[in-house]
Amino acid sequence: PRMTRCSVLRLDVSQRPRMESRAVRHRLEVEEWDEKAQLWLRDAEELWECVGSGIRGSPHITSLTLSNLCEEAAPVVLRALRDSELRLQHLSLRIDPVSATSSLSEGGLLPQSIRRHRLQLESLDLKSLHVLSDEHLVQTLTEIRECSKLQRLCLADTDIAEFDSYHRLCLELSGILTDCHGLREIDLNGTEIFVQGHEQIVDEGIRAATNLTKLHCHSAFRFAPASGAWLLQAVTKCSSLKSLKVERHSGLLDWAAPNTQGAIGSFMNLKRLRYLSLDNNCLDREALLGLTVALTECEVLQELKLCFDGEINCTTARLLGRNFGRMPGLAVLILSNPYAVYREKRRIEATQTPRMTSPAASLFTIWISKCLNLRVLDIATTKLLDNGNGDSDSICSWQGFVSAVQALNRNISVVQPVGVS
């Protein structure tokens with residue numbers, strides 16, 4: 001197929017209702033492609049070879065996104081990628097974990113494709129690699145380790161803990177962190193890692209990746225009790241971090257556990273931190289206050305997402321508000337738990353839904369209004385408790401809370417619970 005010159009190509013090769021093949025073939029042959037070109041292909045089996053030819057015949061493409069790789073498409077497009085003359089700088093493979101199973105492992109096509117382009121690749125986005133065999137997943141990580149120019153890596157939604165070669169995979173993942181010296185961003189969201197893999201990945205890998213600017217590991221580590229500080233101590237050695245997300249890790253911050261207080265205090269070393277999310281972690285009062293004190297040293301912090309487990313009384317509200325007020329760049333503050341609404345609807349015990357007394361809410365509005373750059377405040381899953389004293393200064397409803405905040409600082413937009421107007 002003839003394709004006019006472009007540098008960015010995105011293909012969706014999912015299994016969906018069949019599109020009339022002549023129309024799709026026409027688009028492949030005559031439609032002009034610009035730098036934002038996208039092609040949405042449906043389940044037309046006779047077209048996969050046409051797609052492969054198009055990839056092989058377009059050496060000018062530097063960025064390629066293949067979405068929803070399915071059983072029929074995977075071997076064809078990966079062979080084309082392996083045999084092409086592309087000088088890819090960005091490669092994104094979004095695998096369909098339902099339909100792309102054995103075909104993706106055929107002949108080790110994925111590691112071969114990465115090997116073909118490893119000298120140029122700067123960005124690599126691979127998801128749902130658990131559909132690979134043990135052997136080919138190890139080979140894939142080994143090839144990634146050789147990508148000398150790699151700056152951004154996403155290995156999300158790959159449960160490596162289920163593989164027989166788990167320990168070898170941990171070693172390879174650690175090797176990526178230590179050997180890819182230009183690596184700036186890594187996304188391990190949903191990459192299940194047992195305690196036995198922490199030593200390689202955390203102690204040897206993350207501690208060595210001092211140039212990281214972005215680390216996202218939502219539900220990535222399965223902690224042993226009181227071992228969460230281990231990860232945080234390693235992470236805070238990455239003084240260049242700008243974006244950090246460590247969500248849904250039970251036991252991440254237990255104030256009474258060894259090393260937790262030191263790990264929390266070390267957040268003050270992250271002078272370049274702009275985004276921090278520790279959502280859906282068990283933060284007790286002492287951990288929350290200690291963390292917010294440390295974060296006052298992060299002068300460029302713009303977005304903060306935390307979830308508090310417990311009751312916010314007057315003392316806590318005053319200290320929290322004072323700490324937030326000392327974060328000069330703070331623009332988005334989220335003290336909310338999206339999972340609390342889910343649990344409440346299904347009558348599951350909401351152990352992480354914070355509660356705030358009426359007098360505390362009044363104090364909190366005064367202190368939070370001192371955050372001059374704050375634009376979004378989300379505490380929508382916080383329960384406002386009426387202390388029953390009839391105090392005229394107390395806030396007993398969400399409407400009252402919003403009115404009080406905006407009366408003091410009209411620039412703040414307050415996110416309210418669903419159903420509250």
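These legends accompany close-up views of a predicted model.

**Figure 1. Overview of the predicted protein chain.** The model is a prediction. The chain holds 14 helices and 17 strands. Of its 421 residues, 53% count as buried. Contacts between residues at least 6 apart in sequence were also examined: 83% of them join residues at least 24 apart.

**Figure 2. The largest cavity and its lining.** A search of the whole structure finds two cavities of 30 Å³ or more. The largest has a volume of about 80 Å³. Its lining includes the leucines Leu129, Leu137, Leu141, Leu155, Leu169 and Leu173. Ile160, Thr158 and Thr191 also line this cavity. By class, the lining has seven nonpolar residues, two polar residues and no charged residues. Two helices, H5 (134-145) and H6 (166-179), each supply at least two of the lining residues. Rolling a probe the size of a water molecule over the atoms shows where empty space is left.

**Figure 3. The buried side of helix H14.** H14 spans residues 398-408, and Trp398, Phe401, Val402 and Val405 are buried in this helix. These four residues cover an arc of only 95 degrees around the axis, so they sit on the same side of H14. An α-helix has 3.6 residues a turn, so residues three or four places apart point the same way. Among the elements that cover the buried residues of H14 is helix H13 (358-368). The cover also includes three strands: S15 (376-378), S16 (383-385) and S17 (413-415).

Figure 4. The buried residues of H4 are Leu109, Leu110, Pro111, Ser113, Ile114 and His117. Their cover includes the helices H3 and H5. Strand S4 (90-95) and strand S5 are also part of that cover. Glutamine 120 is found in the loop between H4 (109-117) and S5 (123-127). Is glutamine 120 buried or exposed? Glutamine 120 is buried, with a relative accessible area of 15%. Leaving aside neighbours within four places in sequence, glutamine 120 is in contact with Arg87, Leu88 and Gln89.

**Figure 5. Proline 75 in helix H3.** Proline 75 has its place in H3, residues 73-83. Proline 75 is buried, and its relative accessible area is 8%. Glycine 108 is 33 residues away from proline 75 in sequence. In space, the two residues are 9.8 Å apart, C-alpha to C-alpha.

**Figure 6. Cysteines without a disulfide.** A disulfide is a covalent bond between the sulfur atoms of two cysteines. With a cut-off of 2.5 Å between cysteine sulfur atoms, the count comes to zero disulfides. Which cysteine has the sulfur closest to that of cysteine 180? The closest cysteine sulfur is in cysteine 147, at 6.5 Å, which is too far for a bond. Cysteine 180 is buried, with a relative accessible area of 2%. Cysteine 154 also counts as buried, at 8% relative accessibility.

**Figure 7. Aspartate 157, a residue with positive phi.** Most residues other than glycine have a negative phi. What is the phi of aspartate 157 near? The value is near 60 degrees, which is positive in a residue other than glycine. Aspartate 157 is found in the loop between strand S6 (152-154) and H6. At 41% relative accessibility, aspartate 157 counts as partly exposed.

**Figure 8. Threonine 357 and its contacts.** Threonine 357 is found in strand S14, residues 355-357. The residue is buried, with a relative accessible area of 14%. Which residues does threonine 357 touch, not counting residues up to four places away in sequence? They are Glu311, Ile312, Asn313 and Leu385.

**Figure 9. Phenylalanine 308 in a loop between two strands.** Phenylalanine 308 lies in the loop between strand S11 (303-306) and strand S12 (311-312). Phenylalanine 308 is buried, with a relative accessible area of 4%. Leucine 335 is 27 residues apart from phenylalanine 308 along the chain. The C-alpha atoms of the two residues are separated by 7.0 Å.

How values were computed:
Residues are numbered from 1 along each chain as its sequence is written. This is a predicted model: local features need pLDDT of at least 70, side-chain atom pairs count only at pLDDT 80 or more; totals for chains, interfaces and linings use all residues. Side-chain values use heavy atoms; hydrogens and water are left out. On a 1 Å grid over the protein atoms alone, a cavity is a set of points where a 1.4 Å probe fits but cannot get out, and a pocket is an open set with protein on both sides within 12 Å along at least five of seven lines; lining residues have an atom within 4 Å of a point. Grid points are joined across faces, edges and corners, and a volume is the space filled by probe spheres set on the points. Ala, Val, Leu, Ile, Met, Phe, Trp, Tyr, Cys and Pro count as nonpolar, Asp, Glu, Lys and Arg as charged, and the others, Gly among them, as polar. Buried means under 20% relative accessible area, exposed over 50%, partly exposed in between (1.4 Å probe, protein chains only). The arc is that of the directions from the helix axis to the C-beta atoms. Contact means heavy atoms within 4.5 Å.
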